[in-house]
Amino acid sequence: MTEDPWRDLTEAVAALVRAGEETLGLPRVDVPFELSAPQFGDIALPTHAYAKAARASPPEIAARLSEAMPPAGNYVSHHEPVSGYVNFHLDLGPFAEHTLGAVLQSVEGYGRAAPNGLRALVEHTSVNPTGPVHVGRARNSIIGDTLARLLDRTGYEVTREFLVNDSGRQVLTLLWGLDNLREKDMEPPAREGEDYRLVRFYQKAMAAAEDPAVAEEVDGLVRRLEDGDEEIRRRVRTVTKQMMDGILRSLERLDIAFDNLFWDDQVLADGSAQRVVERLRDGGHLEEEDGAFYIDMAPHGFAGRNPRWFLTRRDGTTLYTTRDLAYHLDKFGRSDKALTVLGEDHRLEFQQLSVALRLLEVEQKAEAVFLAFVSLPEGRLSTRAGRVVNLDDLVDEAVERALLAVKARREDLSEEEMGRIAEAVGIGAVRYNIVKVQPEKRILFRWDQALSLEGQTAPFLQYAYARAAGILGKAAGLDGWDARFLAHPHERALVKLLARYPGVLRDAAERRRPNRVALFGHELAMTFNQFYRDSPVLQAEEDPRAARLALVTAFRIVLGNLLVCLGIQPLEEM
RNA sequence: GGACUCGUAGCCUAGCCUGGAGAGGGCACCGGCCUUCUAAGCCGGCGAUCCCGGGUUCAAAUCCCGGCGAGUCCA
């Protein structure tokens, strides 16, 4: 049984409405919705939908319906008709008791659904290992990691996976660079780490590959790898591993980690990529042109400039798409839900992949979340062109700014404590500023925006958490409390938000909108700040004090859970 | 040429799936609040043709159609 106090309330309201409908002989109408304006109560039912059947005006219906319903219900103190709506008012005492009780009992478990017995595989980041993580890639990592956390909380057994593309042209171009370019001809690396050392070879090699002779050599490497040349395979793996070390270390600092790295060359080595091509060919789904195989997508509703989806090149080598197809089949064998976080440039390809999976008569469907690009004022991010903002630099800068802020207000803390807080604030700010924006929305990267520490940001939430922790640290603990002593509008608002938290997580997970959690967190923290101003806790009379302490305790638990769900560290002080 | 995504105050953004009560938040700007639990905060003010046009509906930022602009893709 999963705790969800808000659902309990809406069900109680629905029960009243059902009773009223029955008495009046009205058809059943769903969805009581929540209110934006508190002066109208807590939950409202618009009655316009009844108008036709009742042959009456909404204000009349509202009046009759309110009259016909039982005057109160579970968690509902009363209701009244107001110009076409029935407004329900929650009975704050019992509802607060129910909500706070649920939070205090479940603690970290509050907002977490019971295991559903299903395995979810979340693939994210999966960039070509050709250079350090830049902010565009990091958007994928941050949103992917947050989605994984959300699915975990909605009951899935989650695996986080990174598809390492170690058999594509890009990586082989890098390998060519290592064989043919000299380090002493290059600028020193921008930072420490193998990824920063190697990316210079990649950039120069890509430039060199403009020359057809060089491109020809790279093609040769691609062919040798596909033909099973062990030496090439081993060397690619070595380079890729070095690069991945740097990439994973950058992400680790943001508390982003993977359960599994899937090495792309595996589907070549074990023959599964070739087998997929054969299966499609045997099924009669492939066409051929000069030895290259493709699926004609035109019958499947694709009408672009070129509706052919190629699986192999003329020389028989596979394309990225083919390997991805084989990889998906592998994923399906290991999971009940396979979700991939992709750049929006993969949209069409993903649809084509889905068609191919259908042709293969695979039952499970691939799911994807698409992200719009992050760009700089001077253009798209490009590792190849060196037009990037590296994640490491962004994080360093954020932590540095956070450190200045801590130093300015907390001279009492030790250097070490200030450093710890700055790290959590800086990293939190970076994650939050990225995750708060809806995935489909394009981001124009601006330093001041990415580094912002005020307003709708992680430190705003962390600060509210620290304030709550501060109060609780000074209180002796929680004995008996009576929720009926909560009465102030801000207390009511806070209880309602705490009650809604489990539903918000579920909704964010189902709709793949992690930004909703981030924005809900802001609302929660903002409401707490108002409560903090208006309702003194420690100095209050005994009964309100106990009730408010329970509220603050519950708030700290819920905001803490929310922050962890966003990969942001809650801070006891800041 | 075709397809998909986005368009909400000077700037950023929520709401759109599932249509309902003066379109919610943040930044910037102006004015207030630290002798009481941390001012990374709070309160007030300024600021919106919800891209444009049509349609559906008692009711449209939200649904449908047609434009326009931006982004992305079509070995």
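A polar contact is a pair of N or O atoms within 3.5 Å; inside the protein, one atom must be able to donate a hydrogen and the other to accept it, and residues adjacent in sequence count only if both atoms are side-chain atoms. One such polar contact, 2.9 Å in length, joins the side chains of Ser 66 and His 79. Ser 66 sits in helix H3 (residues 58-68), where helices (H or I, at least four residues) and strands (E, at least two) are DSSP runs, numbered from the N terminus. Ser 66 counts as buried because its relative accessibility is 9%; buried means under 20% relative accessible area, exposed over 50%, and partly exposed in between (1.4 Å probe, protein chains only).

The model is predicted, and local features need pLDDT of at least 70, side-chain atom pairs count only at pLDDT 80 or more, and totals for chains, interfaces and linings use all residues. Residues are numbered from 1 along each chain as its sequence is written, chains are lettered from A and ligands numbered from 1 in the order in which they are written, and side-chain values use heavy atoms, with hydrogens and water left out.

Now for the chain as a whole. Chain A holds 20 helices and 15 strands. Of its 574 residues, 52% count as buried. Its C-alpha trace spans about 85 × 65 × 40 Å along the principal axes.

Next comes the RNA. A total of 60 residues surround RNA strand B, and the closest are Tyr 85, Asn 87, Arg 409, Tyr 463 and Arg 533. Sugar and phosphate make up 59% of the atoms of RNA strand B that come within 4 Å of the protein. A residue is taken as near the strand if one of its heavy atoms lies within 4 Å of it. Sorted by class, this surface has 24 nonpolar, 15 polar and 21 charged residues. Here Ala, Val, Leu, Ile, Met, Phe, Trp, Tyr, Cys and Pro count as nonpolar, Asp, Glu, Lys and Arg as charged, and the others, Gly among them, as polar.

Several elements each supply at least two residues of the surface near RNA strand B, including strand S4 (85-90), helix H14 (391-409) and helix H17 (458-474). Helix H19 (515-534) is also one of these elements, and H19 gives the largest share, 9 residues. In the side chain of Asn 87, an N or O atom is 2.2 Å from a base nitrogen of RNA strand B. With Gly 455, a polar backbone atom is 3.2 Å from a phosphate oxygen.

What about the empty space? Rolling a probe the size of a water molecule over the atoms shows where empty space is left. On a 1 Å grid over the protein atoms alone, a cavity is a set of points where a 1.4 Å probe fits but cannot get out, while a pocket is an open set with protein on both sides within 12 Å along at least five of seven lines; lining residues have an atom within 4 Å of a point. Grid points are joined across faces, edges and corners, and a volume is the space filled by probe spheres set on the points.

The largest pocket holds about 1,100 Å³ of space. Its lining has 41 residues, with Val 127, Asn 128, Gln 170, Asp 345 and His 346 nearest the centre. Helix H5 (135-153) contributes the most to this lining, 4 residues. The lining divides into 15 nonpolar, 17 polar and 9 charged residues.

The count of cavities of 30 Å³ or more comes to 1, and the largest cavity has a volume of about 40 Å³. Around it are Tyr 320, Asp 324, Leu 342, His 346, Glu 349, Phe 350 and Leu 353. Helix H13 supplies the largest share of this lining, 3 residues. Helix H12 also supplies at least two. H12 has 15 residues and reaches 21 Å from first C-alpha to last, close to the 21 Å expected, the expected span being 1.5 Å times one less than the number of residues. Among the buried residues of H12 are Asp 324, Leu 325 and Phe 332.

Ser 126, in the loop between strand S5 (119-123) and H5, has a positive phi near 35 degrees without being a glycine. Glu 361, also not a glycine, has a positive phi of about 60 degrees. Glu 361 lies in the loop between H13 and strand S12 (366-371), and counts as exposed because its relative accessibility is 72%.
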